[in-house]
Structures are given as C-alpha cells and as structure tokens.
Amino acid sequence: MGALRNGLLKSQSPALPGIGNMDSNIKEFAEETYVPTFAPSLPVPNAQEMMRSDPFQVPERYARNHDDMQSDTVQPHLSFEIPVLDLSLLSKGDAEELKRLDLACKDWGFFQVINHGVASEVLQNTKDVTAEFFDLPLEEKNRYSMPSDDIQGYGHAYVVSEEQTLDWSDALILVVYPTQYRKLQLWPNQPTGIREAIEMYSSEVRRMAVELLGSLSLIMGTEKDALLGLHKELVLGLRVNYYPPCRSPDKVLGLSPHSDSSTITILMQKDDVCGLQVRHGGAWVPLKPIPNALVVNVGDAIEIWSNGKYKSIEHRAVTNERKARISYAAFVCPHDDVEIEPLGYVPDAESSDKMYKKVRFGDYLRQSMNRKLDGKANIDFAKMETLK
Ligand SMILES: COc1ccc(-c2cc(=O)c3c(O)c(OC)c(OC)c(O)c3o2)cc1
Ligand SMILES: O=C(O)CCC(=O)C(=O)O
Ligand SMILES: [Fe+2]
C-alpha cells in the first residue's frame, strides 16, 4: 500500500483492501475480479485543513501567476446564453430540441438540463450526506485515502510534480459502474446512508447518460443506440470536489483549466455558490446554477468520435471568499478496451479529413491522468501527427 495522500495527518494509515469496512461477500468478489487501477499522484496537503488552520494564508504552491489571473477576461453577462435543454423533449426525439442540442454542443460544449427526471429529493439527499462527509474530522476521511497508485478514494489526483501550482480543493473519487470495478474499501460508510445516496444518485445519472447518448447519436447522424453500443460497457466515475473558501479568491483556482477525457460529464453543483467557468470565445463565462438542473459537458471522446464537430470545452472552478462549494462530476466513459476514432459519417463535420487517429480509450484516459490538468493538452495524444 502506498504513501498517504493527505499531508496534514501522516500518522493515519489509509484503509487497506480487505480490512475494516468491507462486507465479507463483497471482499471475496473483489479479490477474484480484475479492477483496473489508475495513475499515481503526489501527496499534497489537505486544502480544507489548510484553510481551517489559517484562513488568511495562501501558501506559495497555490498562488497563481498574477499576470495570468489578471489577463483572464470573465464575462458574467454571457452566463444567460449558456443553453438550457429539456431532457424529456430530447428523449421523445423532439426535432427542435435535438437541433438545440446540436447548437449547444457546437457553440458551447456545455448546457444545463432540466426535466431530467431525477427527483429533487435524490439530488438533495446526495448533497446533504456528502456535505456531512466533508465535515467529518480529517482522521475519519483519511480512512478512505487514495492509494498512491490509484485515483479512487479521498485525496488529490493529477499532481505530477513538486513544481506545479496546486488547486484549492480536495476530492472524493469513486468508480461506481461497472459495479465490479468498485473498491468498496474506499467508499465512506459515514455518515449513515452515504453509500446508498451515492448508489441511488449514480444510477439516476447513468439512466440520464443513456438517454443523452441516444440524443447525441441522433445528432451525429447515426442510430439512437450507436454511441451506447460503442462504449461496450458504460463506465461511470464520480468525482466529488470540495472547494474550501479562500479569502484571496483572485490568487487561487479551485480546479485548473481542463477538458474532460470522458464521453460526457454530468455535473451537479450547490445551488447557492457559483464556481464553474466555461471557456467561450477566449473569455471565461460563469455558469450560474439553475436550482435542480444538472450541467452536461462534451468530453474528449465525443470530440474524437465527431471528428471535432463537437469539441470538449475547457473549464475551471474558482473559489468563493466565504462559502465552501461542492460539485459532483459524473464522468461517463467507454470501457478501457474500446478503440475510439472519428465515426466517419457525422454530417457537417468540421473537416472531411480525419483529424484524430484511433486510440484505445484506456490508454487515452491514463495518459491524461499522468499529467497535470492543462487546458486541452490531453487531446494532442489523439491528434493526427500533421495537426499537432
Ligand atoms: C473507471 O474509473 C474511472 C473512470 C474514469 C474516471 C475519470 C474520467 C475522466 O474523464 C476524468 C476527467 O476528465 C477529469 O478531468 C480531467 C478528472 O479530474 C478533474 C477525473 O478525475 C476524471 O476521472 C475516473 C475513474
Ligand atoms: O466544480 C466544478 O464545477 C467543475 C468540476 C470539474 O470540472 C471536474 O470535476 O472535472
Ligand atoms: Fe471537468
């Protein structure tokens, strides 16, 4: 078992596979089943504890380059232009709503979804129990620390050098589907009901993902079930981001600019704190939460399958001066063994030339996890040599 990730409490060991909080029948199953591991990340301090111990300090490792932060234009007035789509209409195959989906994916790569069918009680319960988890003492949360060679558990991912500027956040990352990939020893069992809440929320998000993949298949000019079929098995990783407040929000970022490697990402966020910003026309546009809506963004896999017609869009999270923020990103991905490449028949694709080569999704995901979050740099891995 590897090094402890959360630097502030070095005496606490991470939960060991097969010890402690795992049901014996699940343990037996897990031991017999292949569970993929993910990229290593360096240990860094726990952001929440750092803030708690001295609310006014911004350690050097977190301080962003002043010029970079100042030169970033933020355009709040464009928030209202980020598309809002009705999933109940999309699922019925409503032609106008499908057209709006096509425009949303082309112009923004981000949209909010209403009438998604996930009960507000399910959303609220997930928010309540996970907020309680982050309020637990560090010692308790560290029972679920990420092992040093994996991305699952409580800690930090994408930290690959001592020099890189750190994000002002902690995360709990769990693989939920397929169920045999779950590492239940890293699933919190406190507060009561947290596992059930995550399970319930994720199964609703998976249902939504299947409906959205159907609509995306249609606007990509193929059969409704094509994209789902291309996944072989739908993989769903849930990343719960905890952003402590920061008294100097202009000096730090909660999450560095990046695009998601996924096919699509479905994001839930606290209704009362803004934080997500989307790259649009060279500026950053804050995405204002609509109560009970879920946010969807196009990931790198769709960019590749659509030969660049629909692009994964860079986004980042900023921090709030007074309030903590929690967001829940569900990454919907194909199975590791799926080979992705432009589908070849997407209508009006940006270029008739193939812009991306064939890549195994597992290789794509791992190369992205072996580097720091860095805008759209990941996708170079799949670009044709002549286009890099
Ligand atoms: C099977 O276990 C997992 C599957 C996928 C992920 C995962 C997929 C991503 O696409 C992804 C991501 O795009 C991302 O942003 C770059 C990220 O951090 C911000 C992820 O943690 C992430 O995870 C995890 C586990
Ligand atoms: O916190 C947010 O709103 C963004 C989270 C995100 O982009 C991610 O987890 O990939
Ligand atoms: Fe993201």
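**View 1. Strands that line ligand 1 in the predicted model.** In this predicted model, three strands each supply at least two residues of the shell around ligand 1: S4 (170-177), S5 (235-243) and S12 (325-333). S5 gives the largest share, 3 residues. The residues that come nearest to ligand 1 are Gly-237, Asp-260, Ser-261, Ser-262 and Phe-331, out of 16 residues around the ligand. Sorted by class, the shell around ligand 1 holds 10 nonpolar residues, 4 polar residues and 2 charged residues.

**View 2. Surroundings of ligand 2.** The residues around ligand 2 are Arg-239, Asn-241, Leu-255, Asp-260, Leu-267, Gln-269, Gly-275, Leu-276, His-315, Ala-317, Ser-327 and Ala-329. Two or more residues of this shell come from each of S5, strand S7 (264-269), strand S11 (315-317) and S12. In terms of class, the shell around ligand 2 is made up of 5 nonpolar, 5 polar and 2 charged residues. Asp-260 is listed here around ligand 2, and Asp-260 is also among the residues that come nearest to ligand 1.

**View 3. The annotated segment, residues 234-334.** An unreviewed UniProt entry carries the annotation "domain: Fe2OG dioxygenase" for residues 234-334. In the model, the chain over residues 234-334 is 45% strand and 6% helix.

**View 4. Helix H6 against helix H8.** H6 (residues 120-135) and H8 (residues 194-219) have axes that come within 9 Å and cross at roughly 140 degrees. The two helices, H6 and H8, are therefore oblique to each other. Their crossing, that of H6 and H8, is left-handed. On the H6 side the contact is made by Val-122, Asn-125, Thr-126, Val-129, Thr-130 and Phe-133. These residues meet Ile-194, Ala-197, Ile-198, Met-200, Tyr-201 and Glu-204 of H8. The contact of H6 with H8 comprises 8 nonpolar, 3 polar and 1 charged residues.

**View 5. Helix H5 against helix H8.** The axis of H5 (residues 95-107) comes within 10 Å of the axis of H8, and the two cross at roughly 85 degrees. This angle makes H5 roughly perpendicular to H8. Leu-98, Leu-101 and Asp-102 of H5 are in contact with Ser-215, Leu-218 and Ile-219 of H8. By class, this contact of H5 with H8 contains 4 nonpolar residues, 1 polar residue and 1 charged residue.

View 6. The bond that joins Tyr-177 and Pro-178 is a cis peptide bond, with omega about 0 degrees. Pro-178 is placed in the loop between S4 and H8. A cis peptide bond also runs from Gln-190 to Pro-191, where omega is near -5 degrees. Pro-191, too, is found in the loop between S4 and H8.

**View 7. Backbone at Asn-115.** Asn-115 has a phi near 50 degrees, which is a positive value in a residue other than glycine. The position of Asn-115 is in the loop between strand S2 (110-114) and H6.

Technical notes. Residues are numbered from 1 along each chain as its sequence is written. Chains are lettered from A and ligands numbered from 1 in the order in which they are written. This is a predicted model: local features need pLDDT of at least 70, side-chain atom pairs count only at pLDDT 80 or more; totals for chains, interfaces and linings use all residues. A residue is near a molecule or strand if its C-beta atom, placed from the backbone, lies within 6 Å of it. Helices (H or I, at least four residues) and strands (E, at least two) are DSSP runs, numbered from the N terminus. Ala, Val, Leu, Ile, Met, Phe, Trp, Tyr, Cys and Pro count as nonpolar, Asp, Glu, Lys and Arg as charged, and the others, Gly among them, as polar. Axes are lines fitted to C-alpha atoms, for helices over the stretch in contact, and angles run from 0 to 180 degrees between N-to-C directions. Angles under 35 degrees count as roughly parallel, over 145 as roughly antiparallel, 65 to 115 as roughly perpendicular and the rest as oblique. A crossing is left-handed if the near helix is turned anticlockwise from the far one by less than a right angle, and right-handed if clockwise. Two residues are in contact if their C-beta atoms, placed from the backbone, lie within 7 Å. UniProt positions are given in the numbering used here, feature names are shortened, and annotations may be inferred rather than shown by experiment.
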